[in-house]
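Reader: I would like a close look at one part of this model, the place where the two chains meet. Please take me through what holds there.

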Amino acid sequence: MSVRVQREDFDPGQELKDLLAGRRDIGGTVSFVGLVRDFTDEKGVSALTLEHYPGMTEKALLKIEAEAQSRFDVQETLIVHRHGRMEPGENIVLVIAASAHRGEAFRACEFLIDWLKTSAPFWKSEDGVDGPRWVEAREADDTKAAAWQD
Amino acid sequence: MKLLYFAWIRERTGVHEEDYDLPDNVTTLAELMDHLATRGPGFADAFSDQSVIRAAVNQEMVKPGHMVAQGDEVGFFPPMTGG
């Protein structure tokens with residue numbers, strides 16, 4: 001179990017290697033990498049700036065991880081989330097779930113990213129043709145997170 | 001108490017972080033937001049619609065009816081958009 005909040009980029013391959021080093025009990029891993037897109041609602045995006053709540057962010061991510069560990073049979077989980085300014089094509093977030101069995105890893109990974117989107121204190125501002133704009137929360141994200149409550 | 005403002009709430013209030021004396025007549029988070037809205041045009045603009053504001057007391061998400069105390073850290077922000 002670990003979470004990291006950082007300004008600098010990460011290497012998903014290296015993170016996976018580090019997580020698996022010396023492990024012989026893991027049958028499969030599922031990873032999710034979130035990237036900066038160059039469009040939103042048919043408008044161009046030239047950069048993304050992520051603000052967060054230092055202190056609370058780390059606590060919230062640890063809570064999300066603990067929840068995933070209690071719901072799914074996972075051996076290891078990792079969340080790395082960046083903040084600051086990023087350009088299209090750059091990594092924003094990495095989630096890895098590792099388990100003895102693939103089903104649990106798939107479900108845990110999806111749960112982690114769905115919950116993170118609505119309960120970790122990050123806010124995106126997009127630089128578009130009309131200047132910077134705060135991204136509004138999407139109802140679809142709330143619906144996805146709420147679906148895990150059932 | 002310590003008050004923190006994030007994203008467009010920070011931009012509208014013009015404040016990121018401040019030490020603040022909790023007024024005697026304020027006991028809940030909703031009352032604190034009502035009070036902050038009276039601090040000038042920027043604060044009035046930021047807190048004009050409490051339904052779009054989320055808040056954390058001592059870094060835990062809480063509802064508007066939550067009690068607040070002088071030693072608390074209270075953060076105000078819009079719904080989260082990470083990931």
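Author: A salt bridge here is a side-chain nitrogen of Lys or Arg within 4 Å of a carboxyl oxygen of Asp or Glu. By that rule, 2 salt bridges are counted between chain B and chain A in this predicted model. One of them joins Arg10(B) to Glu51(A), with the closest N and O atoms 2.5 Å apart.

On the chain B side, β1 (2-5), α1 (7-13), β4 (60-62) and β5 (73-77) each supply at least two of the residues that touch chain A. The largest share, 4 residues, comes from α1(B). By type, the residues of chain B that touch chain A divide into 11 nonpolar, 6 polar and 4 charged.

In total, the contact draws 21 residues from chain B and 26 residues from chain A. The area buried between chain B and chain A is about 1,800 Å², and carbon and sulfur atoms give 57% of that area. Within the part that chain B buries against chain A, Met80(B), Thr81(B) and Gly83(B) supply 40%, more than any other three residues.

Definitions and conventions. Residues are numbered from 1 along each chain as its sequence is written. Chains are lettered from A and ligands numbered from 1 in the order in which they are written. This is a predicted model: local features need pLDDT of at least 70, side-chain atom pairs count only at pLDDT 80 or more; totals for chains, interfaces and linings use all residues. Side-chain values use heavy atoms; hydrogens and water are left out. Contact means heavy atoms within 4.5 Å. Buried area is the accessible area (1.4 Å probe) that two parts lose on being put together, summed over both. Ala, Val, Leu, Ile, Met, Phe, Trp, Tyr, Cys and Pro count as nonpolar, Asp, Glu, Lys and Arg as charged, and the others, Gly among them, as polar.
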